[in-house]
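Take a walk through the fold below. Keep the sequence beside the structure as you read.

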Amino acid sequence: MTAENDSSLSCFVLDATRGTAVALRQGQVLSITNLQGNQVVDTWAVMQSDPFEYSSMEHTRSVNSNLFYEQGMSVVSIYRRPMFTLIGDSTPGRHDTLLCPCNAAIYRELGCCDYHRSCTDNFHEALAEKQITLPFTPASLNLFMNVPISEAGELDRVPPRSVAGDQLQLRAEADIYLVLSACPQDITPINGAGRQPADIGLRVSSASAVDNAKSVPKEAK
């Protein structure tokens with residue numbers, strides 16, 4: 001089943017190249033499953049009480065003292081308040097905090113003459129369905145994105161290291177809208193060598209439900 005912008009459904013699919021804004025209460029957990037293994041998910045958060053308090057990659061890097069986002073780390077707002085925490089990660093980790101969300105200008109640089117969907121469009125369209133308008137696009141957290149950094153500081157763009165079925169769990173640390181974009185990039189290998197964007201599985205649950213699932217022996221699952 002596919003649903004967009006409707007957190008009343010506990011399980012749903014985010015279609016390839018599209019975005020959604022999921023309303024989470026403090027303590028709820030959003031599980032993100034990379035169904036094909038190759039799909040990058042650009043991610044933002046805005047406070048439900050004030051959408052002008054939004055996730056900040058520069059403050060997140062400062063608080064975590066790390067260029068990458070890994071299990072146990074929180075994403076913080078422009079006021080350095082925790083917004084969500086990565087409490088579970090079956091991937092090799094090291095999610096990107098540096099590259100910008102794709103937009104129309106990037107696709108023009110890549111040779112697109114016609115309209116091409118972008119993470120920037122997905123961000124604003126998803127918030128618009130929550131009756132929220134922001135006059136800018138914040139930097140995104142790029143889940144599953146594999147951006148190696150050389151000793152000289154050079155960035156590369158290579159396929160994700162995740163595999164089909166890999167999953168992340170993000171726990172809300174405040175009442176937030178978690179905005180997700182199944183990145184539409186199909187020109188560079190950011191979404192895999194096949195350059196084919198894919199669907200993403202989403203599930204909303206309580207933190208206790210996630211803890212209980214982790215405590216069940218593998219043979220009982």
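Predicted model: local features only at pLDDT ≥ 70, side-chain atom pairs only at ≥ 80, totals over all residues.

Residues are numbered from 1 along each chain as its sequence is written, and side-chain values use heavy atoms, with hydrogens and water left out.

Start with the whole chain. It has four helices and twelve strands. These are DSSP runs numbered from the N terminus: helices are H or I with at least four residues, strands are E with at least two. Of the 221 residues, 51% count as buried. Buried means under 20% relative accessible area, exposed over 50%, and partly exposed in between, with a 1.4 Å probe and protein chains only. Contacts (heavy atoms within 4.5 Å) come next. Among those with a separation of 6 or more, 73% join residues 24 or more positions apart.

Now turn to helix H3, residues 119–128. Cys119, Thr120, Asn122, Phe123, Ala126 and Leu127 are its buried residues. Viewed down the axis of H3, they fall within an arc of 165 degrees, so they line one face of the helix. The arc is taken from the directions from the helix axis to the C-beta atoms. An α-helix has 3.6 residues a turn, so residues three or four places apart point the same way. The cover over the buried residues of H3 includes strands E2 (19–24), E4 (41–47) and E11 (176–182).

Leu141 lies in strand E9, residues 141–143. Its relative accessibility is 1%, so Leu141 counts as buried. Leu141 and Val41 are 100 residues apart in sequence, yet 8.2 Å apart in space, C-alpha to C-alpha. Beyond four places in sequence, Leu141 touches residues including Val41, Met57, Tyr69, Phe84 and Thr97. Ser31 sits in strand E3, residues 28–34. Ser31 is buried too, at 1% relative accessibility. Leaving aside neighbours within four places, Ser31 contacts Gln167, Leu168, Gln169, Gly201, Leu202 and Arg203.

Next, the loops. Most residues other than glycine have a negative phi, and most peptide bonds are trans. Arg80 has a positive phi of about 65 degrees. Arg80 lies in the loop between strand E6 (74–76) and strand E7 (82–89), and is partly exposed at 39%. Arg195 also has a positive phi, near 55 degrees. The loop between E11 and strand E12 (200–206) holds Arg195, which is partly exposed at 34% relative accessibility.

What of the cysteines? A disulfide is counted when a pair of cysteine sulfur atoms lies within 2.5 Å. By this rule the count is zero. Cys183 is in no disulfide, and the nearest cysteine sulfur, that of Cys119, is 3.7 Å away. Cys183 is buried, with a relative accessible area of 4%. The sulfur of Cys112 is 7.7 Å from the closest cysteine sulfur, in Cys113, which is too far for a bond.

Finish at the largest pocket, with a volume of about 230 Å³. A pocket is an open set of points on a 1 Å grid over the protein atoms alone, where a 1.4 Å probe fits, with protein on both sides within 12 Å along at least five of seven lines; lining residues have an atom within 4 Å of a point. Points are joined across faces, edges and corners, and the volume is the space filled by probe spheres set on them. The lining has 14 residues, and Leu99, Cys100, Ile106, Arg157 and Gln185 lie nearest the centre.
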